[in-house]
Amino acid sequence: MASVRFVGAGRRYPGSERPAVDTLDLEIADGEFMVLVGPSGCGKSTSLRMLAGLEECTAGSIMIGDRDVTHDVPKDRDIAMVFQNYALYPHMTVADNMGFALKVARVDKEERERRVLDAARLLDLEDYLHRKPKALSGGQRQRVAMGRAIVRQPAVFLMDEPLSNLDAKLRVSTRTQIAALQQRLDITTVYVTHDQVEAMTMGDRVAVMKDGRLQQVDTPLALYDRPANLFVAGFIGSPAMNLLPAKVADGQARIGDCAVPLDRVVAARATGDVTLGVRPHAWHLGAAGEEGFAATVTVVEELGADAFLYASPDDPSLAGVASQAVVRLEGRRQLQKGEQVSLVIDPTEVHVFDTASGERLTA
């Protein structure tokens with residue numbers, strides 16, 4: 001086991017105007033499960049491949065434990081990688097696939113078989129050791145790919161979107177198994193995904209990236225409760241945070257005709273145009289006489305105990321600016337498409353961001 005450090009690490013491809021990864025500073029503790037998340041092209045997979053030695057690090061350095069591995073070849077880095085497409089040999093059995101790296105490393109047969117059997121027990125693959133990959137389901141193939149990594153007993157696991165080829169139901173169960181397995185093995189793991197729900201449910205900490213730059217790194221709940229900027233606010237959370245343009249005056253933020261009182265410190269820091277971030281759970285339907293955000297119901301997603309209401313503001317000045325609000329409600333409210341509602345924002349749950357810089361203004 002070992003810690004991992006990116007120290008000002010960067011990767012610029014020849015002819016590119018900007019780096020794919022730009023000055024990445026990130027520390028991953030020994031035994032930690034770190035998730036790199038962000039949209040396509042944000043640099044998360046490139047960062048992982050730099051750590052694996054599959055991409056050249058053109059700036060800064062990368063440390064595994066006390067060793068600078070920046071210029072080491074992949075086989076000398078003591079890492080094991082699980083790929084998106086499993087990368088199994090179709091002509092080999094499950095046991096041979098799992099033990100292949102050990103065979104190449106000339107580990108003796110008895111030790112090799114012991115490690116393969118131990119990993120198979122851990123992954124519930126004992127009954128499949130003599131099958132070939134074509135006789136396995138997608139989830140089983142993914143477990144074989146993980147078993148191949150486990151038998152090597154590496155210092156660091158690297159996982160590059162390993163669940164993206166699975167169907168939705170299997171993805172949920174497999175991510176739970178991976179998180180539990182990592183906790184049991186206590187091996188430092190760096191996991192890449194574009195799915196923020198995956199990131200929030202699996203990682204000890206989550207690093208959010210955009211355009212090659214690290215935006216914020218923190219625990220899943222801290223990212224949800226205190227996003228550092230507008231990008232993180234809009235990316236973390238499902239459904240996404242409502243981002244509403246507003247103007248600050250007299251200690252209030254005004255969204256069209258709706259006024260939201262602000263904390264005194266925030267009101268003093270906020271001038272002119274701001275963006276209010278409102279999570280779906282931070283609204284409620286207004287009662288008679290309660291000042292709210294007038295809107296028209298467009299869609300109601302009934303989920304049983306909960307429902308998500310999608311509504312368009314009635315104020316014409318907000319058309320195209322705050323085109324839709326997403327509100328979490330108790331289920332079975334029997335709201336109809338086209339119905340007029342008043343949405344009231346809980347001022348204690350509001351996040352305030354500077355519109356120009358995108359930076360968070362709330363404490």
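A residue counts as buried here when its relative accessible area is under 20%. The model on screen is predicted, and the tour below applies that cut-off at several stops.

**Stop 1**

Select phenylalanine 235. Its relative accessibility is 17%, so phenylalanine 235 counts as buried. The structure holds four aromatic pairs.

**Stop 2: tryptophan 283 and phenylalanine 293**

Next, select tryptophan 283 together with phenylalanine 293. The ring centres of tryptophan 283 and phenylalanine 293 are 5.8 Å apart and the planes meet at 55 degrees, so this pair is tilted. Tryptophan 283 is part of strand β15 (residues 283–285) and phenylalanine 293 is part of strand β16, so the pair ties together parts that are ten residues apart in sequence. Tryptophan 283 and phenylalanine 293 are both buried.

**Stop 3: strand β16 and its partners**

Stay with β16 and show the whole strand, residues 293–302. Strand β16 pairs with β19 (residues 340–345) in the antiparallel sense, over four bridges.

Then show β17, residues 306–313. Strands β16 and β17 run antiparallel and are joined by seven bridges. Valine 300 stands opposite leucine 309 of β17. Three residues lie between the strands in the hairpin of β16 and β17, where glycine 304 takes a positive phi near 100 degrees.

**Stop 4: a charge over a ring**

Select arginine 279 and tyrosine 224. Arginine 279 lies over the face of tyrosine 224, 4.0 Å from the ring centre.

**Stop 5: valine 260**

Move to strand β13 (residues 258–261), where valine 260 is found. At 2% relative accessibility, valine 260 counts as buried. What is in contact with valine 260, leaving aside its neighbours within four places in sequence? The contacts are Gln252, Ala253, Ile255, Leu276, Ile345, Pro347 and Val350. For a distance check, take the C-alpha atoms of valine 260 and glutamate 291: they are separated by 9.7 Å, and the two residues are 31 apart along the chain.

**Stop 6**

In soluble globular proteins, nonpolar side chains tend to be buried together. The largest nonpolar core in this model has 41 residues, and those with the most contacts inside it are Met98, Ile178, Tyr191 and Val208. Helix α4 (residues 138–150) supplies the largest share of this core, five residues. Select tyrosine 191 and display its surroundings. Leaving aside neighbours within four places in sequence, the contacts of tyrosine 191 include Phe33, Met34, Val35, Leu36, Met159 and Ile178. A second, separate core has 31 residues, among them Ile255, Ala267, Val278 and Leu343.

**Stop 6: the cysteines**

Finally, how many disulfides does the structure hold? The count is zero. Select cysteine 42, which is in no disulfide; its nearest cysteine sulfur is that of cysteine 57, 17 Å away. A disulfide would need the sulfur atoms within 2.5 Å, so at 17 Å the sulfur of cysteine 57 is too far from that of cysteine 42 for a bond. Cysteine 42 is buried, with a relative accessible area of 2%, and cysteine 57 also counts as buried, at 7% relative accessibility.

Key. Residues numbered from 1 in each chain as written. Predicted model: local features only at pLDDT ≥ 70, side-chain atom pairs only at ≥ 80, totals over all residues. Heavy atoms only, no water. Pairing = 2+ DSSP bridges. Helix = DSSP H or I, 4+ residues; strand = E, 2+ residues; numbered from the N terminus. Phe/Tyr/Trp six-rings, centres within 6.5 Å; stacked < 30°, edge-to-face > 60°. Buried < 20%, exposed > 50% of the residue type's maximum accessible area, 1.4 Å probe, protein only. Lys NZ or Arg CZ within 6 Å of the ring centre and 35° of its normal. Contact = heavy atoms within 4.5 Å. Core = buried A, V, L, I, M, F, W, Y, C linked by side-chain atoms within 4.5 Å.
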